[in-house]
Amino acid sequence: MNSAPEVLEIVRSNIVTVVPEIDPAEVRREVSMADLGCNSIDRAEVVALTLEQLGVAVPVAEFQGIPDIGSLVDLLRKHL
């Protein structure tokens, strides 16, 4: 099972892959992807890449209202 820091690192890596101009140091639990400048397509791509890498499936409805990267990490870990 992946720890929260491991899942955060996967999310961080995918955010920088999708939007290379984002500084990896800015990707923290308390920040949202929108705050980092990711548009809705970027966010969907980051989530899709992360789900694929983790080998999990999460119903789309569960992503509604995710306020920040930490909440995303927690949701993903719940499905591991």
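## Lining of the largest pocket

Helix 2 gives the most to the lining of the largest pocket, supplying four residues. This is a predicted model. Helix 2 spans residues 40-54, and both helix 2 and helix 3 supply at least two residues each to that lining.

The largest pocket has a volume of about 360 Å³. It is lined by 15 residues, and those closest to its centre are Met 33, Arg 43, Val 47, Phe 63 and Ile 66. By class, the lining has ten nonpolar residues, three polar and two charged.

## Helix 1 against helix 3

Helix 3 also packs in a helix pair. The axes of helix 1 (residues 4-18) and helix 3 (residues 69-78) come within 9 Å. They cross at roughly 120°. Angles of 65 to 115 degrees count as roughly perpendicular and those over 145 as roughly antiparallel, with the rest in this range oblique. Helix 1 and helix 3 are therefore oblique to each other. Their crossing is right-handed.

## Residues at the helix contact

On the helix 1 side, the contact is made by Ala 4, Val 7, Leu 8, Val 11 and Ile 15. Helix 3 brings Ile 69, Leu 72, Val 73, Leu 76 and Arg 77. By class, this contact of helix 1 with helix 3 has nine nonpolar residues and one charged residue, with no polar ones.

Note on methods: Residues are numbered from 1 along each chain as its sequence is written. This is a predicted model: local features need pLDDT of at least 70, side-chain atom pairs count only at pLDDT 80 or more; totals for chains, interfaces and linings use all residues. Side-chain values use heavy atoms; hydrogens and water are left out. Axes are lines fitted to C-alpha atoms, for helices over the stretch in contact, and angles run from 0 to 180 degrees between N-to-C directions. Angles under 35 degrees count as roughly parallel, over 145 as roughly antiparallel, 65 to 115 as roughly perpendicular and the rest as oblique. A crossing is left-handed if the near helix is turned anticlockwise from the far one by less than a right angle, and right-handed if clockwise. Contact means heavy atoms within 4.5 Å. Ala, Val, Leu, Ile, Met, Phe, Trp, Tyr, Cys and Pro count as nonpolar, Asp, Glu, Lys and Arg as charged, and the others, Gly among them, as polar. On a 1 Å grid over the protein atoms alone, a cavity is a set of points where a 1.4 Å probe fits but cannot get out, and a pocket is an open set with protein on both sides within 12 Å along at least five of seven lines; lining residues have an atom within 4 Å of a point. Grid points are joined across faces, edges and corners, and a volume is the space filled by probe spheres set on the points.
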